[in-house]
Amino acid sequence: MKILSIQSAVAYGHVGNSAAVFPLQRIGVEVLPVYTVNFSNHTGYGAWRGPMISPDEVREVITGIEERGAFPQIDVVLSGYQGGEGIADVILEAVAKVKAANPSAIYACDPVMGNATSGCFVAPAIPVLLRERVVPAADLITPNQFELGFLTGTQPDTLESTLASVDLARAAGPRTVLVTSVERPDREEGTIEMLAVDDHGAWIAQTPQLPMKANGSGDVTAALFTAHYRRTGDAADALARTTSSVFDLLSRTHDSGERELQLVESQEFYAHPRMQFAVRQVR
């Protein structure tokens, strides 16, 4: 499998492509990483150095990949955090060209906007752009529960309302939806869930909620779920594998006391997930 991954990059730590590429490689995926920024570290530190890469320069890199004849072999175009408005056009152009060269290719979009704790942390135009242009072009999206609400103009909280919001999102274009950070009022205390929905049904997985926030964990989640799902077409299995891998990555990171994901140290959890969490069909 080959994935064209258009995301940010950092030298120090792990977010964007600097979080997604290695886990994908560790499960046997060939990744073609294209960078949208080249920062020293993620912006959560409050200070960083390095350039945003202009949409035209990102387009040039993608054109160079096309000129090597790679597009017919690409199975997935993956995108995450979009720093500026112009990058969406570049991504959508790449998706159209890849799909023309390989009609079985899919576009997986992680519509990064924010979360329930901190609200939106992207430029004001980005959420609207994602909702109106980018998400409708996607085959698979991986929003958190907060982002799902914005995309659909709803406020999902219960399982029923979250499923209803997913149905609205799927009606807009993407047939497969992974909802992360699902927090139901009636869930067992100290837990958090992920919900996967496609044409064959809906499945939920529950894990302990660790007392931490780890930048980049959503990027790893989106990458692993996308790869597993593209490989097997089995949403329940992809959910089980992704949940297992990401929980163990976060658990090891928490135990380390470090701020950055222990991405390399956790590599066996991607290659050989323990499958320790039950996946329950809810529809």
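Buried means under 20% relative accessible area, exposed means over 50%, and partly exposed lies in between (1.4 Å probe, protein chains only). This is a predicted model: local features need pLDDT of at least 70, side-chain atom pairs count only at pLDDT 80 or more, and totals for chains, interfaces and linings use all residues. Residues are numbered from 1 along each chain as its sequence is written, and side-chain values use heavy atoms, with hydrogens and water left out. Helices (H or I, at least four residues) and strands (E, at least two) are DSSP runs, numbered from the N terminus.

**Annotated domain**

- An unreviewed UniProt entry annotates residues 91–253 as "domain: Pyridoxamine kinase/Phosphomethylpyrimidine kinase". UniProt positions follow the numbering used here, feature names are shortened, and annotations may be inferred rather than shown by experiment.
- Residues 91–253 are 47% helix and 20% strand, with the end C-alpha atoms 32 Å apart.

**Helix 5**

- Helix 5 (residues 145–152) is largely enclosed by the rest of the structure, because six of its eight residues are buried.
- Those buried residues are Gln145, Glu147, Leu148, Gly149, Leu151 and Thr152.
- Their cover includes strand 5 (114–115), helix 4 (125–134), strand 7 (140–141), helix 6 (159–171) and strand 8 (176–182).
- At the start of the helix, a side-chain oxygen of Asn144 comes to within 3.1 Å of the backbone nitrogen of Phe146.
- Gly153 follows helix 5 and has a positive phi, near 65 degrees.

**Gln145**

- Gln145 belongs to helix 5 and counts as buried at 8% relative accessibility.
- Its side chain reaches the backbone oxygen of Asp157 at 3.5 Å.
- Leaving aside residues up to four places away in sequence, Gln145 has contacts (heavy atoms within 4.5 Å) with Pro156, Asp157, Thr162, Val179, Thr180, Ser181, Val182 and Glu183.

**Aromatic pairs**

- The whole structure holds five aromatic pairs. Rings of Phe, Tyr and Trp (its six-membered ring) pair if their centres lie within 6.5 Å; planes under 30 degrees apart are stacked, over 60 edge-to-face, and the rest tilted.
- Tyr12 and Tyr45 are edge-to-face, with ring centres 6.1 Å apart and planes at 70 degrees.
- That pair ties together parts 33 residues apart in sequence, because Tyr12 lies in the loop between strand 1 (2–10) and helix 1 (17–26), and Tyr45 in the loop between strand 2 (30–39) and helix 2 (55–67).
- Tyr12 is exposed at 52%, whereas Tyr45 is partly exposed at 30%.
- Phe39 and Trp48 form a tilted pair, 5.9 Å centre to centre with 40 degrees between the planes.
- Arg259 lies over the face of Tyr45, at 3.9 Å from the ring centre. The rule asks for NZ of Lys or CZ of Arg within 6 Å of the ring centre and within 35 degrees of the ring normal.

**Salt bridges**

- The count is 16 salt bridges, each a side-chain nitrogen of Lys or Arg within 4 Å of a carboxyl oxygen of Asp or Glu.
- Glu66 pairs with Lys97, the closest N and O atoms being 3.6 Å apart. Glu66 lies in helix 2 and Lys97 in helix 3 (residues 86–101), so parts 31 residues apart in sequence are tied together.
- Glu66 is partly exposed at 31%, and Lys97 is partly exposed at 39%.
- Asp89 and Arg133 meet in a salt bridge at 2.8 Å, N to O. Asp89 lies in helix 3 and Arg133 in helix 4, so the pair joins parts 44 residues apart in sequence.

Note on methods. Polar contact = N/O pair within 3.5 Å; in protein donor to acceptor, adjacent residues only side chain to side chain.
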